[in-house]
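Here are a few notes to read alongside the structure. Keep the 3D view open and find each spot as you go.

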Amino acid sequence: MEGRGLIQTENVSISFGGIHAVSDLNMGVCQGQIVGIMGPNGAGKTTVFNLLTGVYAPTSGKIYVNGIGMEGKSMDQFVKAGVARTFQNIRLFGNMTVLENVMVSVANKGRISLKNSLFKTEYYIRRQNEVKNEAFELLKLFDLHAKAQVLAGELPYGQQRQLEIVRAFATGAKVILLDEPAAGMNPTEIMKLKCDLRQLVDRMGLSLVLIEHHMDLVMGLCDYIYVLDFGKVICQGTPREVQRNPKVISAYLG
Ligand SMILES: Nc1ncnc2c1ncn2[C@@H]1O[C@H](COP(=O)(O)OP(=O)(O)O)[C@@H](O)[C@H]1O
Ligand SMILES: [Mg+2]
């Protein structure tokens, strides 16, 4: 992939004890692109996300976000740089409302200082209203606004996953990393997810990195795919190229 994109890694590796979870990863994500990461369980896919969000520092190699080296940067700084994610297992505030869940992400963008929140200054109240309105507008984009006052934990499964994506988007992200977003979804929910993801890219200009096992979702959405096995990229290319690759076929069938 030519040029420096939003995200670029250079020979990124990480090992845990003796296990090389990710080895010599060179991947790029450009603006407006949907990049897929495929591979069997334990291949290192989630570890890649942990590296790209500052959860783990690479054992060796470099990660650039918008051309800036991310060595020594905290998870917070990755978010500020525009990288957000969702998790393989849903992580919402289950006993907060749908709206409040999104408000937390919106508010984190422009931190409200303790002084302002203690004294409920005019600024704080105005800012709080802005956050609420922005959160509600975001929910509208994904047809979740009718559920704004419902507790997040009481949403149907597919909508919880959707809400996670809205929360990631609400951080002001330029790129969202989605860890198996369709896991546990029924076919109708998967179709809705596909449309939502398309919309994030086409209308909001976002970039996505997608870890997914649902072939039609990956092949139908992604511009470019990396296939991992035992922490190494065994194949990369367009969906057509990847589908024809014998190594991919054997990793999946064997
Ligand atoms: N924090 C960790 N400590 C030790 N081993 C880990 C850790 N995180 C991941 N691994 C190991 O790295 C490998 C890749 O895991 P993971 O990235 O979760 O795979 P995938 O998401 O592709 O299923 C596995 O062997 C896993 O046990
Ligand atoms: Mg995983």
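1. Let's begin with G42. One of its backbone N or O atoms sits 2.7 Å from an oxygen atom of ligand 1. Do keep in mind that this is a predicted model, so treat the distances here as computed values.

2. Two other residues are worth a look here. G44 has a polar backbone atom 3.0 Å from an oxygen atom of ligand 1. With T47 the side chain takes part: one of its polar atoms is 2.5 Å from a ligand 1 oxygen.

3. How much of ligand 1 does the protein cover? On its own, ligand 1 has 560 Å² of accessible area, and the protein covers 63% of that.

4. Now for the whole shell. Ligand 1 is surrounded by F16, A21, P40, N41, G42, A43, G44, K45, T46, T47 and Y56. Sorted by type, the shell has five nonpolar residues, five polar ones and one charged.

5. Which element gives the largest share of that shell? Helix α1, residues 45-52, does, with three residues.

6. Next, move over to T97, in the loop that runs between β7 (83-86) and α3 (98-109). Is T97 buried or exposed? Its relative accessible area is 10%, and buried means under 20%, so T97 counts as buried.

7. Who are T97's contacts from elsewhere in the sequence? Setting aside neighbours within four places, T97 touches A148, Q149, V150, L151 and A152.

Technical notes: Residues numbered from 1 in each chain as written. Chains lettered and ligands numbered in written order. Predicted model: local features only at pLDDT ≥ 70, side-chain atom pairs only at ≥ 80, totals over all residues. Heavy atoms only, no water. Near = heavy atom within 4 Å. Polar contact = N/O pair within 3.5 Å; in protein donor to acceptor, adjacent residues only side chain to side chain. Areas by Shrake-Rupley, 256 points an atom, 1.4 Å probe, with all protein chains shown as cover. Helix = DSSP H or I, 4+ residues; strand = E, 2+ residues; numbered from the N terminus. Nonpolar A, V, L, I, M, F, W, Y, C, P; charged D, E, K, R; others polar. Buried < 20%, exposed > 50% of the residue type's maximum accessible area, 1.4 Å probe, protein only. Contact = heavy atoms within 4.5 Å.
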